[in-house]
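Trainee: Could you take me through one part of this model, the aromatic cluster and what surrounds it? I'd enjoy a close look.

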Amino acid sequence: MNEEIKSKVYIYTDEKGRITRCEGGYTIENIKDFSGWTLIDEGNGDRYNLCQSHYFEGGLYTEDGIPRYKLVDGKVQERTEEEIAADRAAIPAPLPTVQEQLRADVDFLAAMQGVDL
């Protein structure tokens, strides 16, 4: 009997259960220690062999880097728009550029001296 070898798909989650990594198939060697990893599926074909880019519909992350999926009671679920929006809102504002900070300093000094720029 000639049984085809199946590729395994593993995921890694953060402390909130959001799926942050997916490995398996051709990249199974990227996992050096399986502690914390969860086997979620196995099979054949590109979905399993190229799971980083083919397993999760729409990709593992949104265009702005928010995880799209979570693990709940051992099952993969798509995160809600509200969950994604909450993550997006929690991203800290970027620090001002040197030019923006310099302009703010000049404006502050001008205001302190009563000068209208």
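Mentor: Tyr 48, Tyr 55, Phe 56 and Tyr 69 come together as one aromatic cluster, where rings of Phe, Tyr and Trp (its six-membered ring) pair if their centres lie within 6.5 Å, with planes under 30 degrees apart called stacked, over 60 edge-to-face and the rest tilted. Please keep in mind that this is a predicted model, in which local features need pLDDT of at least 70 and side-chain atom pairs count only at pLDDT 80 or more, while totals for chains, interfaces and linings use all residues. Residues are numbered from 1 along each chain as its sequence is written, and side-chain values use heavy atoms, leaving out hydrogens and water.

Five aromatic pairs are counted by the ring rule. The rings of Tyr 10 and Phe 34 are edge-to-face, because their centres are 5.0 Å apart and their planes at 65°. Tyr 10 is buried at 14% relative accessible area, and Phe 34, at 39%, is partly exposed; buried means under 20%, exposed over 50% and partly exposed in between, using a 1.4 Å probe and protein chains only.

Over the ring of Tyr 55 sits the charged end of Arg 47, 4.0 Å from the ring centre (the rule asks for NZ of Lys or CZ of Arg within 6 Å of the centre and within 35 degrees of the ring normal).
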